[in-house]
Amino acid sequence: MKMSGAEILIECLKREGVKHIFGYPGGVVLNIFDVLYDEKDIELILTRHEQGAVHAADGYARASGRTGVCIVTSGPGATNTVTGIATASMDSIPLVVFSGQVPTMLIGNDAFQEADIVGITRPCTKHNYLVKDINDLARTVREAFHIASTGRPGPVLIDLPKDVTAGTAEFKWPEQVSIRGYNPTYHGNKWMIRQAAQMIAKSKKPVIMAGGGVVLSGAAKEVKELAEAATIPVTTTLMGLGGFPGSHRLSMGMLGMHGTYYANRAVQDADLLIGIGVRFDDRVTGRTSAFAPGAKIIHIDIDPTSIRKNVRVDLPVVGDVRNVLRDILKVIREQKGQWEAVRKSWLKQIDAWKKEKPLSYTFDKKIIKPEFVVEKIYEISRGRAIICTEVGQNQMWAAQFYKYDEPRQWLSSGGLGTMGYGFPAAIGAQIACPGKLVVDIAGDGSIQMNIQELATAVVNRLPVKVAILNNGYLGMVRQWQELFFRERYSHTRLDTVPDFVKVAEAYGAVGLRAVKPPEVEPVIREAFSIKDRPVFMDFIVDWREKVFPMVPAGAAIDEMIFDEEEKKPAKKLKAVK
Amino acid sequence: MRHTISVLVENKFGVLSRVSGLFSGRGFNIESLSVGETIDRSVSLMTIVTTGDDQIVEQITKQLNKLIDVIKVVDFMDVDHVEREMVLIKVAPRKNDKSEFLKLAEIFRGRIVDSGPATFTVEITGDEKKIAAFIELVRPYGIKEFVRTGKVAIAREGVKRT
Ligand SMILES: Cc1ncc(C[n+]2csc(CCOP(=O)(O)OP(=O)(O)O)c2C)c(N)n1
Ligand SMILES: [Mg+2]
């Protein structure tokens, strides 16, 4: 049967199981939007900015594990997606983004609203396509979904010239995808797996470092089984939060620049570090030459380029981490080691570090501490909310003071650090998980980067909660200025503008404010009770509060600074670039 | 270390910029790059000469492999192979030096592909050493212009290309 390009596209999306699309219309995608007008099985959520559409699709993907989908127009519509695509790319999130393009005849002529989006997004997509022939459309869509969601996932962009979606062709659904240059390795090498099991058996002070790959591959259960089977303490990266239960006795929380004292100490003191689905980002390793100096490193990852990119590796295992962990577990279980006894002194040492310097802050009766807000959100949501974050101090406090027991509970822009990510991501997460409590822990700076999405949340009756830790500053940058730039607060003061309660109300959302510590809990409880509208909670917090511990840039991860050291001469804290 | 890497790619538009973009975006170095179709018209072969320590070259080959349009990557470092490059050199020897220059070209099995009142253009094919030697010897005669194709390489018979 002959179909229009737009009809073929929507039929392909149905066959891929797509239920929701985030998008924004424009001239060259009119044919697609026209087909969507009568479409019953697929809902398009109109955001108020294309960046919001991509972050929403990203939040949808992170919360559900399914591929997020966007449709935008050419030129400015397409270029507005770039930050969202780069964000997804850095964190390996499966997205398929469709951008309209001027008719093939006009490509290259600087036509109205033409942008070379394939060229622009080449370095920040896993792959991208320009469909020049309508007969390639179905196969291209099929390939794009396959590439986005398999191997190390990532965003794929498909550029669709107007004449391709307007034209007609016979619809042929390719039952199979075969791409000769794309064959991810899913199973670890047998010998490497035996080697890994042996190294684990021999080690006295092992540490598991679990990253975003654990969440992406669905390997949280296997990580827990390995940790418990061989009694290995676990630290997670920012992206790995939820990949191992934060409240587990073997959990050491997050490591790295704002990691816990005990996680960083343990990594530096370990004799074996098992990196699972991690890429050893500089925010995690600190100075690489001083990272885990006494440890042999096992690195398990599906992407061979991650291995030996940043740190030396003694045993690489390329494969899907879930498969690899299952295979390692088999060998470990055959060994029947008396692990509890063997690891007793190591766990004791870690407990001592936990007692020596736990994550902490000083509660104040008069002024709200941001950490207190996060703790209360944890308490009142009973640890079961989906938490999205913006970027800055808010993100780090959300990572430190909320314990994530389940994967896909933590949605944060780790690799790119995109301010403005959290709120649209929360909208996407709420659409993916309608019954769940979704909270964006935000900063007063970041929330303003995609605040227009309030309209999207209101119109779609999404009860997303936004907790603004309102410190009147671009707080994380201010923290660096205070510590390393002699308190010269150059252009980081926001002056507590706008009035977020009024902004919320103007959009038809609910706005609540807490100024004193006793008001925090009632505000959160009230916000959580609202089920038909978004809520902004404006928490006026202590602007002086800083995120600790902190590893200055260029330092080793056990060279942490703490709250009490503030009084020491600033020289000592000088950052090494 | 200098490595010659051959990259089998899909013969599609945009592939060259994916490969060159990878090098520029990650700060890898390209000394030369040559591309052409293969017997199978759907496939092109790129030969890239690059430099870097082991870790960098390992990253380069892995990153190339990661590109969806890349089918196969061979680093000729550990492969017994033949490599060739072609150079066209336009030289302007003085009248008295002309015959000496032509003899030199002949020794190197160069072919004169063009000549005029003032210049000869020589085509010379060979491996890196031969070409470098010829250029050095010809330099005193006055090189006006020169272009090179970039290196191509092929494995010798019996060598398994993995
Ligand atoms: C789009 C973008 N621009 C700039 C930055 C640099 N940056 C990192 S944190 C930060 C401050 C964020 O301020 P706010 O949202 O108020 O969070 P706070 O640190 O105060 O909690 C800035 C500007 C960034 N990460 N993203
Ligand atoms: Mg702030």
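Which residues on the other side of α3(B) are exposed? They are B:Ser99, B:Lys103, B:Glu106 and B:Ile107. The model is predicted.

**Helix α3 of chain B**

- The helix spans residues 98-107, and its buried residues are B:Phe101, B:Leu104 and B:Ala105.
- These buried residues line one face of the helix, because they fall within an arc of 100 degrees when seen down the axis of α3(B).
- The cover over the buried residues of α3(B) includes β5 (81-91), β6 (111-115), β7 (120-126) and α4 (128-142) of chain B.

**Extent of the contact between chains A and B**

- Chain A contributes 18 residues to the contact and chain B contributes 20 residues.
- Between them the two chains bury about 1600 Å², with 47% of it on carbon and sulfur atoms.
- Of the area that chain A buries against chain B, 38% is supplied by A:Arg122, A:Arg180 and A:Thr305, more than by any other three residues.

**Polar and charged pairs**

- Four salt bridges are counted between chain A and chain B.
- B:Glu58 forms a salt bridge with A:Arg308, in which the closest N and O atoms are 3.1 Å apart.
- Twelve residue pairs, both at pLDDT 80 or more, are in polar contact between chain A and chain B.

**The side of chain A that touches chain B**

- Strand β6 (residues 127-130) of chain A gives the most to this side, with three residues.
- By type, the residues of this side divide into eight charged, six nonpolar and four polar.

Methods. Residues are numbered from 1 along each chain as its sequence is written. Chains are lettered from A and ligands numbered from 1 in the order in which they are written. This is a predicted model: local features need pLDDT of at least 70, side-chain atom pairs count only at pLDDT 80 or more; totals for chains, interfaces and linings use all residues. Side-chain values use heavy atoms; hydrogens and water are left out. Buried means under 20% relative accessible area, exposed over 50%, partly exposed in between (1.4 Å probe, protein chains only). Helices (H or I, at least four residues) and strands (E, at least two) are DSSP runs, numbered from the N terminus. The arc is that of the directions from the helix axis to the C-beta atoms. Contact means heavy atoms within 4.5 Å. Buried area is the accessible area (1.4 Å probe) that two parts lose on being put together, summed over both. A salt bridge is a side-chain nitrogen of Lys or Arg within 4 Å of a carboxyl oxygen of Asp or Glu. A polar contact is a pair of N or O atoms within 3.5 Å; within protein, one must be able to donate a hydrogen and the other to accept it, and residues adjacent in sequence count only if both atoms are side-chain atoms. Ala, Val, Leu, Ile, Met, Phe, Trp, Tyr, Cys and Pro count as nonpolar, Asp, Glu, Lys and Arg as charged, and the others, Gly among them, as polar.
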